[in-house]
Amino acid sequence: MEILVCLKQVPDDSVEIRLKPGTEEVNLDGVANVVNAFDTYALEMAARLKEAVGGSVTAVTVGPEGAKDAVKTCLAVGANQGYLISDPAFEGADTLGRSKILAAAIKRLETEAGKPFDLIFCGREATDRATGQLGPQLAETLGVGVITDLVDIEQTAGGICAKQETEEGYRRVEAATPCVVTVNKPAYDPRYPTIKNKMAARKMPIPVLSAAELGQVDPGQPGVHVVKVYEPAKRQAGVKIKEETCADSAIKAVGMMAEAKLL
Amino acid sequence: MAYLISEEAQELLGAVKDFCEKEVKEQCKEYDRTGEWPKEIYDKAIEMQLHMLEVPEEYGGMGLSRVDVAALFEEMAKADAGFATTISASGLGTKPVLIAGSEELKKRACQIIVDGGFGAFCLTEPGAGSDASAGKTVAVKDGDSYVLNGRKCFITNGGVASFYCVTAMTDKSAGVKGISMFFVEAGTPGLSTGHEEDKMGIRTSNTCDVVFEDCRIPASNLIGAEGKGFSIAMKTLDQARTWMGCIATGIAQRAMEEAIAYTKERVQFGKPVLKNQALQFKVADMAIKIETARQMVAHSLTRMDQGLTYSKESAIAKCYASDIAMEVASEAIQMFGGYGYSREYPVEKLLRDAKIFQIFEGTNEVQRIVVANNTIGRF
C-alpha cells in the first residue's frame, strides 16, 4: 500500500504561548517547532498499516526551509522518504491554498513514481490554528473520498475499513481507495525514534519541491481574513456552592441566578 | 553549560530527553518505593536502543564519541540514576571483553547487548571489596573447560544479565598475578543468583549475589591470558568510573534544577525565597561544582577517545562528581526546607541515589589512592 502523510510544523503546544504585549503578534520567541501532534498520530497509524500490509510511507510538508526538520523527524519514526514543498509564492496560503499545493505535489510525486497513492493521511487538525479543514479540502481538490477522525484502520479487499470517532461513540466506515483520512488520537502512542534511525534520518536527502516543479499551481488569495488576534479572556474565579444537600445547593444556585437577573 | 557535543548528538539528546520525561522520570517514583526492577521501562529503552550507546561501531554500535554519549547518559541520570546505572553497568560488564577478549568473544558480548541483553561485571566478593586481590572464587582448568566456584556480591545487573565477566583465581600462590577473567553466559549450569540487596538508593537497578557452583565454561571463555584478570579488572574500572562521574553529575544537575524551580515558587515574607541572596549563593555554588564535575568527566572521556592515559582523570571525575552530588543533593533538600525531607518531593531520593556513587566502582578513598599514586609517582 502506497501511503502519503501530510504534516505540518507547528510551535510546541506543550508551552503556553502569549501575544507580544500591546500587539496582535503571537510571541514565538524561544518556542521550539515540533511536528503537529495529530500528524504524529497519523504517521504512526500509517507506519503500522505499512508494517502490516507492506508498501511505503512518504511524508510531505508545506513550509519554509526549517520545516525540513519536521520531515526529518518523521523519517526516524516510520516514513520511508520525505519531501518539503517550499516556495516564496506559497507563503500566506490558507488551508484551501495549501490543499491545492499539496494536491499538485501529490500528482507530481505520483507521476514521478509511476503509481498512485492508495491512502493520504492527515492529522484531524493542527494544534496551532485548529481549523481541521485541510483533510476534507484536500480530498475535494483531489476528487476522492474522505473519512475524518480515525482512531483505527485496516485494509479490506477493495479499500479500507476505518474506525471513526464521533461525538456519540465510534462508527465503522468502509471506503474504496484512493481516499483521504484524517486521524484523531488513537489508543496507542507514536513510537520513539531508535537512536540508529534518528542518525540515519539525518543523512537522508529531503528533496525540495518548488512552485515551478509543481506546474502552475495557484494557491489563490486567502479566503479567510483575520479580523482580530487576541488572547482568550481570563476566566474569573467562580463561586462554589456547597450546601448540605444537593437540593439546597440547587435552590441557592437558582436564587443567585435570579438575583443576577439571569432567570 | 552542557557538554560540547556534535549536532547529531544534540538531536539525539532531544529525543532522549523526551523519552526520559515521558517514560522514566515519573514512573520511577513508584519503583523507588517498591524496589521492583522496572522491566517495562528497560524494554522501552532497549527498543529505543539506549542500552547500546557504548557498543563500538564495528560491533553494531552507534559510533558516537564518548562525550556525545555522556550527554545522553546525563539526561537518563537526571530522570533516574538507577535507570542510568543499569544501562551503564552493561557497558562495565562488556569492557573486560573489549579490553582483552578474543575477536569472537567481543562479537558475542556485543551482539548480546545489541539484541537487548544486559551485562554484569563480577569482581567484588564478601571478603574482597577495596582489596580486590583477596577474592576466593577459583577457576580450575579441566581439559577444554574451566570450572568456577565461589560467590560474588553487590553485582549490578546480577539478576538480569545475559552474561557476566568474572574474576577468579587460577593460581592461588601468585597473588594478584594469579587472578584471571572469564566470560560466563547466563543459563550456564552451576551459575545462579543469590541474595538481592534492598538498597538505600538507585532502587531501579538490580544488585545481587552471583554464585558459581562447579560452573563449567569453555576454556575459550578465558578473557586475555591466565593471570591477567586483575590487570583487566583495573583497566575496566579505570574506564568505567568516569561514567559513574557522569551519572553523579546528572543527579546533581537534577537536584539544582528542582531546587531552583521550587524556590522560585515558594513565597515567604512576601517574595519567592530565591530572591534571597543566601539561596542564590547556594545555587551559584551548586552550578560551580556541577560544571566543574561535568567538564572533568568530559576531559577524561576525551582523553579516552584520543587514546591518551586517563586513569588519574577518570578517578578525579568519579570522586569529585560523586562528592559534589552528595553536597548538591543535600543543599537542594535544605532549599526545599521541610518539604525537602518529605518523600512526596523529589530531592530526598536524589541524596539516597547519590550516596552509592561515593562507594561503588572503587570507593572515593580508593580514588584518592589512584590520584595520589598518579600525581606523586614512585619515590
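This is a predicted model: local features need pLDDT of at least 70, side-chain atom pairs count only at pLDDT 80 or more; totals for chains, interfaces and linings use all residues.
Reader: Hello! Let me begin with chain A. How many helices and strands does chain A have?

Author: Welcome! Chain A has 6 helices and 11 strands. Its C-alpha trace spans about 70 × 50 × 40 Å along the principal axes.

Reader: Which domains is chain A divided into, and how many Å apart do their C-alpha centres lie?

Author: Domain 1 of chain A covers 2-214, and domain 2 covers 236-263. Between the C-alpha centres of these two domains there are 47 Å.

Reader: What percentage of the residues in chain A are buried?

Author: Of the 263 residues in chain A, 37% are buried.

Reader: Thanks! Now chain B. Where do its domains run?

Author: Chain B has three entries to find: domain 1 at 7-114, domain 2 at 119-227 and domain 3 at 231-376. Take domain 1 and domain 3 of chain B, whose centres, taken over C-alpha atoms, are 20 Å apart. Their contact draws on 20 residues from domain 1 and 22 residues from domain 3.

Reader: Which elements give two or more residues to the side of domain 1 of chain B that touches domain 3?

Author: Look for helix 4 (66-79) and helix 5 (81-100) of chain B. Helix 5 of chain B provides the largest share of that side, with 11 residues. Sorted by class, the side of domain 1 that touches domain 3 holds 10 nonpolar, 5 polar and 5 charged residues.

Reader: What describes two packed helices?

Author: Two values do: the angle between the axes, and the distance between those axes.

Reader: Which residues make the contact between helix 4 and helix 8 of chain B?

Author: From helix 4 of chain B, find B:R66, B:V67 and B:A70. Helix 8 of chain B brings B:V297, B:A298, B:L301, B:T302, B:M304 and B:D305. By class, this helix contact has 6 nonpolar, 1 polar and 2 charged residues.

Reader: Lastly, how many residues of chain A and chain B are in contact?

Author: There, 8 residues of chain A meet 9 residues of chain B. The side of chain A that touches chain B divides into 4 nonpolar, 1 polar and 3 charged residues.

Note on methods: Residues are numbered from 1 along each chain as its sequence is written. Chains are lettered from A and ligands numbered from 1 in the order in which they are written. Domain bounds come from an automatic or database domain assignment. Two residues are in contact if their C-beta atoms, placed from the backbone, lie within 7 Å. Helices (H or I, at least four residues) and strands (E, at least two) are DSSP runs, numbered from the N terminus. Ala, Val, Leu, Ile, Met, Phe, Trp, Tyr, Cys and Pro count as nonpolar, Asp, Glu, Lys and Arg as charged, and the others, Gly among them, as polar. A residue is buried if 20 or more other C-beta atoms lie within 10 Å of its own, exposed if 12 or fewer, and partly exposed in between; C-beta atoms are placed from the backbone.
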